[in-house]
Amino acid sequence: MKYIASIDQGTTSTRCIIFDHNGRIIVQAQKEHSQIFPKPGWVEHDASEIWQSTLNVLQTALTRGGLDADNIQAIGITNQRETAAVWDKNTGEPLYHAIVWQDTRTDEICKSLAGTDGIDRYRQKTGLPLATYFSGPKISWLLENVPGLREKAEAGEALFGNMDTWLIWNLTGGPRGGIHITDVTNASRTLLMDLRTLQWDQDILNDMNIPAAMLPKIEPSSKVYGYCQVVCPGVPISGDLGDQQAALFGQTCYQPGEAKNTYGTGCFMLLNTGTEIVQSKNGLLTTLGYQFESQPPVYCLEGSIAIAGALVQWVRDNLGIIASSAEIEPLARSVEDNGGVYFVPAFSGLFAPHWRSDARGVIAGLTRYANKGHLARAVLEATAFQTREVLEAMEIDSGVHLKSLKVDGGMVVNELLMQFQADILNVPVIRPVVSETTALGAAYAAGLATGYWQSNEELIANWGKDKEWRPSMEAAVREEKYTAWKKAVARTLDWVE
């Protein structure tokens with residue numbers, strides 16, 4: 001039997017999931033990695049640790065499934081986007097910790113680049129505002145602050161990549177001939193790629209003082225890039241998608257107007273706009289959805305929320321109110337409502353649709369009545385409220401009124417959250433049978449490139465509904481809660497001078 005292996009390199013862990021032809025999970029393995037917080041607002045990962053975790057989960061999944069390289073037809077990669085790594089081309093050693101997408105240290109760089117033009121200086125070319133979220137300013141920071149990096153970069157001895165590039169380079173040989181590529185979806189998250197040409201923009205590289213020699217070649221999302229040299233020698237690596245675009249692909253949102261929302265560390269809603277580039281006027285991102293080899297690219301509107309599942313982790317790890325993430329739902333169910341408590345988790349500023357790096361987290365509406373159950377409920381509701389803000393912006397930008405929302409990611413097992421999401425949006429929320437749609441999307445891209453699947457229609461036939469939540473909240477209650485939420489958001493602004 002032949003299967004497709006998917007490596008899902010996420011913000012908190014790396015997984016390998018092996019899928020069959022029906023898109024069902026055969027076996028999986030997962031390993032968490034360290035979260036490094038050197039200063040307030042700084043978030044880093046050890047790229048070497050992530051590489052070792054990748055080898056570990058790939059080997060573990062094969063062993064658990066009683067499989068070897070002969071059983072794997074292709075490997076797909078999906079990854080946390082915007083997390084910037086730099087490494088030595090000759091040794092393969094990282095030259096600094098990877099700077100994570102949540103990191104805010106590039107705030108001054110972004111302000112300087114914005115100048116009198118404002119945060120939308122590069123939006124027409126890149127679809128993105130100038131924000132600490134994206135990789136480009138992180139590269140600028142690394143070049144200015146890591147001794148010797150600029151000299152190495154200009155000499156072609158230092159390489160940059162988001163985590164997809166780092167893993168593909170290592171899997172295909174590393175210092176011994178590793179392939180230095182990225183795909184259009186990851187490239188579109190750097191602030192350095194022109195949406196129309198799908199190439200690095202030399203004017204922006206000049207503005208950010210980034211040598212083109214350190215950047216990977218931009219490729220389609222589904223194509224044979226090269227062949228694995230470790231664990232699965234000779235197996236083609238043929239899919240590469242940023243995690244949110246992979247989830248869109250795994251949810252089979254192939255028609256313009258179809259959307260999905262992924263509830264992970266952050267929360268990300270993507271709307272397929274087809275081959276049309278739709279520039280947002282309401283704080284969303286214009287981004288690449290995916291591209292097949294020798295076909296035109298498919299674009300998306302995206303609403304990016306920085307903190308979703310990460311807020312549950314924060315309550316677990318920083319406050320110690322719960323011992324495991326699964327405990328948040330029964331604790332939230334111990335009370336009838338949020339008790340007037342609203343939690344706006346602007347730990348890294350506010351992302352879509354606000355884009356305010358000066359914001360910081362706020363818990364509003366506290367009284368002596370409030371207890372840890374109310375706080376737990378406010379934590380879950382924060383994700384649903386932020387999603388409504390994004391959906392409203394999306395509907396205005398696109399002119400499309402969503403009839404339902406496909407959901408995936410780790411938080412969709414939380415039924416209290418899913419019901420509240422349906423209530424606050426006033427549309428049905430639908431969870432698929434396979435909720436690991438990020439890994440599935442990368443597998444689909446890899447399988448299409450190698451003939452394992454022949455067409456999108458085959459993939460659509462694989463999709464199945466597991467559960468649907470329908471709205472049951474009265475309209476007046478819905479609007480009252482949402483108004484209070486927006487009031488709480490206003491309290492987060494202008495905190496950082």
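Which residue stands opposite S222 in β12? In this model, G239 of β12 is the residue facing S222.

**View 1. Overall fold of the predicted model.** The protein has 16 helices and 21 strands, taken as DSSP runs numbered from the N terminus (helices H or I, at least four residues; strands E, at least two). Its radius of gyration, taken over C-alpha atoms, is 21 Å, close to the 23 Å of the globule rule for 497 residues, so the protein is as compact as a globular protein of that length. That rule is 2.2 Å times the number of residues to the power 0.38.

**View 2. The open sheet of 6 strands.** The strand order is β3-β2-β1-β5-β12-β11, with mixed pairing; two strands pair if DSSP finds at least two bridges between them. β3 (25-32) and β11 (222-227) stand at the edges with a single partner strand each, so one side of each lacks a neighbour in the sheet. β11 pairs with β12 (residues 236-242) in the antiparallel sense over 3 bridges.

**View 3. Packing of helices α10 and α12.** Helix α10 (residues 309-319) packs against helix α12 (residues 372-398) at about 145°, with axes 9 Å apart. Axes are lines fitted to C-alpha atoms, for helices over the stretch in contact, and angles run from 0 to 180 degrees between N-to-C directions. Contact (heavy atoms within 4.5 Å) involves L311, V312, V315 and L319 of α10 and L375, V379, L380 and A382 of α12.

**Notes.** Residues are numbered from 1 along each chain as its sequence is written, and side-chain values use heavy atoms, leaving out hydrogens and water. In this predicted model, local features need pLDDT of at least 70 and side-chain atom pairs count only at pLDDT 80 or more, whereas totals for chains, interfaces and linings use all residues.
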